[in-house]
Amino acid sequence: MALTHLHIQNIRNIAEARIELAPYLNVICGLNASGKTSLLEAIYLLGRAKSFRSAQLQKVISRGASGLTVFGQIAGEKEQCIPVGIAWSADKIRMKVAGQPVTRTSDLAGHLPLLLITPDSHKILSLAPRLRRRFMDWGVFHVEHDFMAVWSRYCRALRQRNASLRLAARQMPENVWDKVLAENAQQIDQFRRNYLRGFLPLLAGFVEKLLQRNDISLRYLPGWAQDEDYHESLTRLLERDRSLGYTSKGPHRADVIVEVDGRPAHEHTSGGQQKLLMCAMYLAQAALLKNRTSRQCLILIDDLPAELDTRHRARLMDLLCESGAQVIVTATDKDLIEIPQAAGYRLFHVEQGVFNEQEYL
Ligand SMILES: Nc1ncnc2c1ncn2[C@@H]1O[C@H](COP(=O)(O)OP(=O)(O)O)[C@@H](O)[C@H]1O
Ligand SMILES: [Mg+2]
């Protein structure tokens, strides 16, 4: 899988750009505020139907324009090409896959397994559990075919249970949603455990290569007491949930804590080490996806050189190129990207939102 052709209109300072991407490595260079992150934002929009910088898509549209579009061609395994597109105007989002309109973001995401690393990514390690759940569930979604359906059923039952909890005056003797909730919760928990079992050894391998450490571990918290059946937990906590007005425990509260030497990873590591750790986590996700489904990821790394010394940059570039994934990295200067010998790649220079392919001299 590779994104081959890209056509962008009205994303931040990119009025219009047509870019032919290489199937493996692409390097985007340009000075500050030239449009590097905006390009990654456009690609992210195509794969996730949202921006990683602004909650409101209105802010992403070039000033003075009334809407944005991003169109891409995805080259599949069997030479077939799938056109995908997203447009946003007048508060409405429109998405198309292979010429057909789609309404769910997952329809788009399923076609473009996309991973993004920015200079802020290390915050996943220390901020809210929601970010780590999202990280884990991205992987589960792409390798477990039924995950989306089970998760949707769980969320529907959760909304209904929460609504009934708030109707205190009309309390039901036993919450009728608990059975559906518990069935789907067990499945979600199993999917996640199974995923992390495959993920951890791959992560350990990349951490060893990038950080020369062999003391990485994961602490998975399912979202309710580990030694209790979830249905029993719901029953036990019913009164408390009624007074809170929502379901306090469940897979919607799960977490996965990354530990180094038995302690949360962000507590005793430098900024550069945290960045390398995040890269190891994403490389492990890409490798697991490839092992389980034979599909390749598209990995975007904004400002790859930031925080990294020459040796670690080179090591990271080696691993990215070995992964076989399509990779798009940005930097302020091409000399800060150590391209492995024999790697096929394309280099683009961007200035004021205009991209030009360049020779690597
Ligand atoms: N909605 C917008 N319309 C037009 N330009 C924008 C918009 N939002 C941001 N910009 C500008 O786009 C330029 C490129 O930003 P960015 O892609 O973040 O640069 P880089 O990552 O290369 O440093 C900046 O000058 C920024 O001010
Ligand atoms: Mg930037």
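**A loop residue and beyond**

Guide: Gln 352 is exposed, its relative accessible area being 67%; here buried means under 20% relative accessible area, exposed over 50%, and partly exposed in between, with a 1.4 Å probe and protein chains only. The model is predicted, so that local features need pLDDT of at least 70 and side-chain atom pairs count only at pLDDT 80 or more, while totals for chains, interfaces and linings use all residues. Residues are numbered from 1 along each chain as its sequence is written, chains are lettered from A and ligands numbered from 1 in the order in which they are written, and side-chain values use heavy atoms, with hydrogens and water left out.

Gln 352 sits in the loop between β14 (345–351) and β15 (354–358). Helices (H or I, at least four residues) and strands (E, at least two) are DSSP runs, numbered from the N terminus. Although Gln 352 is not a glycine, its phi is positive, at about 45 degrees. Most residues other than glycine have a negative phi. Glu 307 also has a positive phi, of about 75 degrees, without being a glycine. The loop that holds Glu 307 runs between β12 (298–301) and α10 (310–322), and Glu 307 counts as exposed at 57% relative accessibility.

Gln 274, in helix α9 (residues 271–293), is buried at 9% relative accessibility. Apart from neighbours within four places in sequence, Gln 274 is in contact (heavy atoms within 4.5 Å) with His 122, Leu 125, His 266 and Thr 269. Gly 139 belongs to helix α4 (residues 129–143) and is buried, with a relative accessible area of 2%. When residues up to four places away in sequence are not counted, Gly 139 touches Tyr 195 and Gln 285. Between Gly 139 and Tyr 282 the sequence separation is 143 residues, and the C-alpha to C-alpha distance is 9.7 Å.

The ligand site comes next. Around ligand 1 there are 15 residues, of which Ala 33, Lys 36, Thr 37, Ser 38 and Arg 53 come nearest; a residue is near a molecule if one of its heavy atoms lies within 4 Å of it. By class, this shell has three nonpolar, seven polar and five charged residues. In that scheme Ala, Val, Leu, Ile, Met, Phe, Trp, Tyr, Cys and Pro count as nonpolar, Asp, Glu, Lys and Arg as charged, and the others, Gly among them, as polar. A polar contact with the ligand is a pair of N or O atoms within 3.5 Å. Ser 38 has a side-chain N or O atom 2.5 Å from an oxygen atom of ligand 1, Arg 53 has a polar side-chain atom 2.8 Å from an oxygen atom of ligand 1, and a polar backbone atom of Gly 35 is 2.9 Å from an oxygen atom of ligand 1. On its own, ligand 1 has 580 Å² of accessible area, and the protein covers 74% of it; such areas come from the Shrake-Rupley method with a 1.4 Å probe.

Lastly, the cysteines. With a disulfide defined as a pair of cysteine sulfur atoms within 2.5 Å, the count is zero. For Cys 81 the nearest cysteine sulfur, that of Cys 297, is 19 Å away. For Cys 321 the nearest cysteine sulfur is that of Cys 279, 13 Å away. Cys 81 is partly exposed at 45% relative accessible area, and Cys 321 is partly exposed at 28%.

Definitions and conventions: Polar contact = N/O pair within 3.5 Å; in protein donor to acceptor, adjacent residues only side chain to side chain.
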